[in-house]
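Please open the model in your viewer and keep the selection panel at hand. The tour below goes from one selection to the next and says what can be found at each.

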Amino acid sequence: MVFASATTGFKQDVPEIQNAFLEDPVMASILERLLPSDVLKEITPDLVQISGWSMTEGAALLDRMEEDQPRLRQYDSWCRRVDELLVTESWNKQKTVAAREGIVAIGYERKYGQYSRIYQMAKLILWSTGSGLYSCPIAMTDGCARVIELIGTQEMKDEVYSRLTSRDPSKFFTSGQWMTERPGGSDVGRTETQAVWDEEKNAWSISGFKWFSSATDADVTMLLARTHEPDPSVAPGTMKDGSRGLSLYLARVRDDQGKLNGVRIHRLKDKVGTKALPTAELELDGMVGQLVGQKYRGVKNISAILNITRIHCGLNCTSTMQTLLLRSKEYARRREVFGALLKEQPLHLATLANMELQYRATCQFTFYCVGLLGRTETIDNNLPEIKDRDFPLLRLLTPILKLWSAKNAFYLSQEAMECFGGQGYMEETGIGRAMRDVLVNTIWEGTTNVLSLDLLRVMAETRGAALEIYSDTIREIMAPLKGQSEWVKSAKSLEECLVLIAIRFTAYSTSEGRKTLEASARGLSLAMADVIAGALLCQHAAWSQAKAKANSSNAVAEAEAKVDQISARRWCEDLYRRVDHQIQNLGREERYEEDKLMLFKLAETRGNAASKATFESFGEAKL
């Protein structure tokens, strides 16, 4: 045997993905079920094209963006404050591509009615792989466009909305979303930023400090501020406390000459991930803005933004899971250890299968929410099924999707890194970067706990009606399958889980049970996600089976039907035990006091005892 050197010896074949859309059977199958055949046929070439771009030109742009990160030039050579944000040409190129490809526009052109959102978001998943976190400003741009469409003035629609939804790179605007301040991110009721009416400018003058402002290079931004009452009959400077004093505003980030609009860039944030994305602390001093919607309705008016940006979080997680799973499977086809390929080794195979199952479930739930969004935007809102079902269901599911998909994606990124062994830990493979970047989804737009409490808020606001709609929806999904023997166990498991969830809410939806219910909130959120994902997997598998029966000579359809049935069965067979653990064991009544004792009271008792001993010792020494 010849000894190895730097240039001779074993060299591992490089696992490469050519086109995620063509190589991933999961998303393609979901689109086939959800979209009319003529729509799918028409958009497929575009999805193939954008996926190919992401794996080639997009990947190259991403690498350059990561290597040359945003910088802030605060002063020029004459000591003048300039606050110049320096980004790479690769970052700017992403904006051009996003506009040209209609990443936002597709959702608002509505060429395919309610299916336009499905088309848009499928393309966004594939584009995100090569977008290098430009998907973040795109999410906020999408949310801003929707709010202006719903409650913006005609001037806003003519001057801003038309550019947020443009395909022309020279006209296309992106939007920021400046909500987070030092007192809190999710607790917006503590907002310190204030807006005062400027009669001379016929606009609002906004001043304050925004602690975490993504897409600092955006053209416009939406932000919350505490509104000074402009009515001259009211005492000057009168403001309302808490969230009821907040209003929503739209502002240009720069004027026509490129000068910042009352904004000082205090510093760029040094984040764990998303390093190609310019995020900053901003001081606002007389920023000129316009009121969006009614005064003091800021929190309510941002709900349309949150629905969309939370779905975008789910899409980003789905995209990361898709790419890492495809790469892990491709590596398993090429990597040989202990005399066999990884794809032949039982433990590795079981690990990949679990990753696949998580991805399939996440993909199903994500596209279900996208479908709901499309329906609420394009179908008559006065119809009972839209007004009384789709709207409240979308409000309920978006925080659940966001928190659950973020957990799934980070878990899968860890497993993917292990699948590559030592090579996975090398920065050059990009897996570490993907793990760091996807982690932001557990933070941005609300942590797991914050979103879980939001779920309880929805339940309280609807007096339990949201839970009833959720349960009815799952039962409607499963209804066509109940009479089929192969789905009896899955249907039974899902029904038992619904009963468990209902009991938990009902038993503790009292002032006495509030602490126990809050302690259960995270488990309830995860359980509700698991249950609806199980129902959707069953629904898809039944559709897949029917398709295979109608095409009995189609080997691909037969194989897909088998895999879909295996996936649904595996997900549901262990579902009751998972749900029981999530909502029963983690939220027992006695745990609240036990948790306080374990985490804080013991340390306080020890600290008090130590202080007393020190005092007594000091006193004796003095005597």
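## A tour by selection

Begin by selecting helix 10 (residues 303–334) together with helix 13 (residues 431–439), which pack at an angle of about 160° with their axes 11 Å apart; axes here are lines fitted to C-alpha atoms, for helices over the stretch in contact, and angles run from 0 to 180 degrees between N-to-C directions. Helix 10 and helix 13 are therefore roughly antiparallel to each other, given that angles over 145 degrees count as roughly antiparallel, those under 35 as roughly parallel, 65 to 115 as roughly perpendicular and the rest as oblique. Their crossing is left-handed, a term used if the near helix is turned anticlockwise from the far one by less than a right angle. Show side chains next: Asn-316, Cys-317, Thr-320, Leu-324 and Arg-327 of helix 10 make the contact with Ile-431, Ala-434 and Val-438 of helix 13, where contact means heavy atoms within 4.5 Å. Sorted by class, this contact of helix 10 with helix 13 has 5 nonpolar, 2 polar and 1 charged residues; Ala, Val, Leu, Ile, Met, Phe, Trp, Tyr, Cys and Pro count as nonpolar, Asp, Glu, Lys and Arg as charged, and the others, Gly among them, as polar.

Before going on, note that this is a predicted model, in which local features need pLDDT of at least 70 and side-chain atom pairs count only at pLDDT 80 or more, while totals for chains, interfaces and linings use all residues. Residues are numbered from 1 along each chain as its sequence is written, and side-chain values use heavy atoms, with hydrogens and water left out. Helices (H or I, at least four residues) and strands (E, at least two) are DSSP runs, numbered from the N terminus.

Now select helix 19 (residues 575–583) with helix 17 (residues 514–550), which pack at an angle of about 160°, their axes 7 Å apart. That makes helix 17 roughly antiparallel to helix 19, and the crossing of these two helices is left-handed. On the helix 17 side the contact includes Ser-520, Gly-523, Leu-524 and Asp-530, and on the helix 19 side it includes Arg-578, Val-579 and Gln-582. By class, the contact of helix 17 with helix 19 has 7 nonpolar, 3 polar and 2 charged residues.

The contact of helix 16 with helix 19 divides into 8 nonpolar, 1 polar and 3 charged residues.

Turn next to the strands, where two strands pair if DSSP finds at least two bridges between them. Strand 4 (residues 194–198) and strand 5 (residues 203–214) pair in the antiparallel sense over 5 bridges, with Gln-194 partnered by Ser-207 in strand 5 and Ala-195 opposite Ile-206. Their hairpin has 4 residues between the strands, and Asn-202 takes a positive phi near 55° there. Strand 4 is also joined by 2 bridges to strand 6 (residues 220–227), and these two run parallel; Ala-195 stands opposite Thr-227 in strand 6. Strand 5, in turn, is joined by 8 bridges to strand 9 (residues 279–292), the two running antiparallel, and Ser-213 has Ala-280 in strand 9 as its bridge partner.
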